[in-house]
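Subject: Structure handover

Hello,

Here is the structure I promised you. Please open it beside this message and follow along.

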Amino acid sequence: MKRDMGAMHKTLHTIARDSLLSLEAYARQRKEFRAKVMAHKRDRTVHLGEHVTLIFEDELTIRFQIQEMLRIERTFEAQGIQDELDVYNPLIPDGSNFKATMMIEYADADERKQALSKLKGIEDRVWVQVEGCARVYAIADEDLERENDEKTSAVHFLRFEFDDEMVRLLKYGVGLALGLDHTNYQAEVSAVAAGVRASLIQDLD
């Protein structure tokens with residue numbers, strides 16, 4: 001029986017192996033599912049200035065990433081599937097946090113290389129602020145170190161952890177801001193768009 005990808009989009013903290021589609025089944029549903037995920041991501045994407053983008057992950061975005069990796073690598077054995085789950089499940093919000101992929105983007109390769117050398121530590125300077133509360137700075141790259149002596153990485157994984165009062169206020173409806181205050185790169189979104197905010201609040205269940 002065909003499983004519907006949309007029906008699997010529930011608020012879960014982990015994705016179980018038996019909930020994934022086989023390679024064959026995913027191939028049949030991929031076009032429709034990919035379109036659904038791309039539309040979903042539009043309300044989970046925030047641009048900080050011209051060169052930094054945050055994509056806030058959730059069960060749906062991570063499920064898509066896992067299915068894509070299994071497809072690309074042609075993985076069908078149980079251990080290989082479990083390995084992907086072990087990598088990606090920690091990127092799903094736990095109910096008291098937002099989790100995001102941060103991308104630093106420069107079209108020109110030389111400009112990107114130069115910028116990354118000046119932006120070391122940028123991943124630790126991204127913040128989220130619940131109205132009336134202190135800024136919450138990102139906890140970055142808990143899975144592995146993505147910075148070396150010469151430069152930072154163009155991709156980082158961030159976690160923003162909230163206390164109970166912040167969660168309560170966000171659910172109540174107070175404002176949400178995002179920003180970045182690195183010495184060589186500053187940007188701020190003083191009020192997150194309503195659609196983005198509504199989507200992110202779903203992560204706090």
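**The core**

Leaving out residues up to four places away in sequence, phenylalanine 160 touches Phe56, Ser96, Asn97, Phe98, Ala100, Val126, Trp127, Val128, Val136, Tyr137 and Ala138. Contact here means heavy atoms within 4.5 Å. Phe160 and Phe162 have the most contacts inside the largest nonpolar core, which has 39 residues. A second, separate core has 12 residues, including Ile15, Leu23, Met69 and Ile92. A nonpolar core is a set of buried Ala, Val, Leu, Ile, Met, Phe, Trp, Tyr and Cys residues joined through side-chain atoms within 4.5 Å. Buried means under 20% relative accessible area, exposed means over 50%, and partly exposed lies in between (1.4 Å probe, protein chains only). In soluble globular proteins, nonpolar side chains tend to be buried together.

Two notes before you go on. This is a predicted model: local features need pLDDT of at least 70, side-chain atom pairs count only at pLDDT 80 or more, and totals for chains, interfaces and linings use all residues. Residues are numbered from 1 along each chain as its sequence is written, and side-chain values use heavy atoms, with hydrogens and water left out.

**Helix H1**

Helices (H or I, at least four residues) and strands (E, at least two) are DSSP runs, numbered from the N terminus. Helix H1 covers residues 23–42, which is 20 residues. At 1.5 Å a residue it should span 28 Å, and its end C-alpha atoms are 26 Å apart, which agrees. The expected span is 1.5 Å times one less than the number of residues. H1 bends by about 60° at arginine 30. That bend is the angle between axes fitted to the seven residues ending there and the seven starting there.

Which residues of H1 are buried? They are Leu23, Ala25, Tyr26, Gln29, Phe33, Val37, His40 and Lys41. Their cover includes strand E1 (45–48), strand E2 (52–56), helix H2 (59–73) and helix H6 (194–201). Arginine 42 is also in H1. Arginine 42 counts as exposed because its relative accessibility is 60%. Arginine 42 and isoleucine 55 are 13 residues apart in sequence and 8.8 Å apart in space, C-alpha to C-alpha.

Five of the five residues of E2 are buried. Val52, Leu54 and Phe56 lie on one side, with Thr53 and Ile55 on the other. In a regular strand the side chains alternate between the two faces of the sheet.

E1 and E2 pair in the antiparallel sense over four bridges. Two strands pair if DSSP finds at least two bridges between them. Histidine 47 has threonine 53 in E2 as its bridge partner. E1 and E2 form a hairpin with three residues between them, and glycine 49 in the turn has a positive phi of about 70°. E2 also pairs with strand E3 (residues 97–104), antiparallel, over five bridges. Valine 52 stands opposite isoleucine 104 in E3.

**The open sheet**

Four strands form an open sheet in the order E5-E4-E8-E9, with antiparallel pairing. Its edge strands are E5 (135–137) and E9 (185–189), and each pairs on one side only.

Five bridges join E4 (residues 126–130) to E8 (residues 176–182). Tryptophan 127 stands opposite glycine 179 in E8. Valine 128 has leucine 178 as its bridge partner. Leucine 178 in turn has valine 189 in E9 as a bridge partner. E8 and E9 form a hairpin with two residues between them. Six of the seven residues of E8 are buried, so E8 is largely enclosed by the rest of the structure.

Best wishes
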